[in-house]
Amino acid sequence: MKARKMVTDPATMLSSDIVLIPGIEDAMSAGERWHLPRPGTDLYLQCSGVGMEDGMTSVDILIMTALQEEYSAARTVGSTLACAAGRPTQWQDRDRGAANPYEYTEIAETHGGVLAVALARPVRMGGRSISPAAAGLVERLKPQVLAMSGVCAGNPKVAALGDVVVAEMVYEYDEGKQIENAFLGDHRQIPMEQTWVRAAQDFSPIALPSYGEVTRKEARLWFLERLYAADEPRDHLARPRYFPRGNWDNWVRELETDGLINRNGPGWTLTDDGRRFIERKLYDDVGGPERLPFAVHVGPMASGSFVVKDGVTWDRLGQQGVRTVVGLEMESATIATVAQHGRVPHWLVVKGVMDHADPSKDDRYKRFAAQASAEVLFALLTDLLVPRTESLG
């Protein structure tokens, strides 16, 4: 389907189907043709992109993911929104077999319109892999937003497992100079637009499918898991979400009565039975959580070229100049850089916390983190962007 624009006063007819309109040059993109369907009929201009597959010249949103699980999560959320928009065909393959294939759909927007969305991924994670793929698709599809969802490590002082991080600012943390006994950072930080930062700060995930109020059973498991990880549950940032006001004393005392914890000075420790119990639960929980009372954090996100599992990187990042880093991953700085160089008006990176970049790192929260981040990403985009009035499909 071709995009159409109303013309009220067509000027000189240059051929049987080409119309030149004063001032229209500024509205045209390179390589586009504007013509009347038939001379003498209603005064609509039709735009068809020369060399563009299926007549597509642009999309509203280009979403990149780094991993197949992240791609599947974004695709699932997009399918739900495509159904809400009444689209009979959800995701359509585009450029399959080419260097940068993608899928296309149109999703419902909160103000009643539709948004054209492309979804793609490289074959490997990391900035070097995602850069050419994102740059090529930006050049081809000319999106209004270059976005990314997926998983990251979260700063344990700020973000709990399953929480979602929206990048307020991104940078490459391993960019700088290595001297004999230290690393001197030379970071090039790219901030997100302030109106989008404010929207992310005001966003509540309560209405999203992955959000769920905690049950008594889940609160007990959370408490035991914190002790197992050598965290202090009482001081943990997620405690109010797992122990609503008035439940702390009763639920903790039940764990003591059940023989799973012992009082140790002002705090608690696991008993032998409690340690065996939580170890079995963690081992058997291969699927991870389905719903959580997760929070959305807005803050700096640092990108690097390797997976971190040392448990000390957070302190090192703080010493290098960005004390408030919330998320750590491998691609966000590349996404913002491609958007900046490709003159994309907006960029948005949203990632779910699957681990804390420490020795206990595993994949138990990976599926949930990918799903929750995709839900938050789409929710923000459908609220922030002005919709199209017609389909591009």
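Let's start with a cluster: ring pairs join Trp222, Phe223, Tyr242, Phe243, Trp248 and Trp251. The model shown here is a predicted one. A pair of aromatic rings is described by the distance of the centres and the angle of the planes. In this structure the count comes to 8 aromatic pairs.

One of them is formed by tryptophan 222 and tyrosine 242, and this pair is stacked. Is each partner buried or exposed? Tryptophan 222 is buried, because its relative accessibility of 6% falls under 20%. Tyrosine 242 is buried as well, with a relative accessible area of 7%.

Another pair brings phenylalanine 294 and phenylalanine 368 together; their planes stand at 75 degrees, so the pair counts as edge-to-face. Phenylalanine 294 sits in the loop between α7 (272–284) and β15 (296–303), while phenylalanine 368 is in helix α10 (residues 366–384), so this pair ties together parts that are 74 residues apart in sequence. Both phenylalanine 294 and phenylalanine 368 are buried.

Here are the two pairs with their geometry:

| Pair | Centre to centre | Angle between planes | Type |
|---|---|---|---|
| Tryptophan 222 and tyrosine 242 | 5.0 Å | 10 degrees | stacked |
| Phenylalanine 294 and phenylalanine 368 | 5.9 Å | 75 degrees | edge-to-face |

Methods: Residues are numbered from 1 along each chain as its sequence is written. This is a predicted model: local features need pLDDT of at least 70, side-chain atom pairs count only at pLDDT 80 or more; totals for chains, interfaces and linings use all residues. Side-chain values use heavy atoms; hydrogens and water are left out. Rings of Phe, Tyr and Trp (its six-membered ring) pair if their centres lie within 6.5 Å; planes under 30 degrees apart count as stacked, over 60 as edge-to-face and the rest as tilted. Buried means under 20% relative accessible area, exposed over 50%, partly exposed in between (1.4 Å probe, protein chains only). Helices (H or I, at least four residues) and strands (E, at least two) are DSSP runs, numbered from the N terminus.
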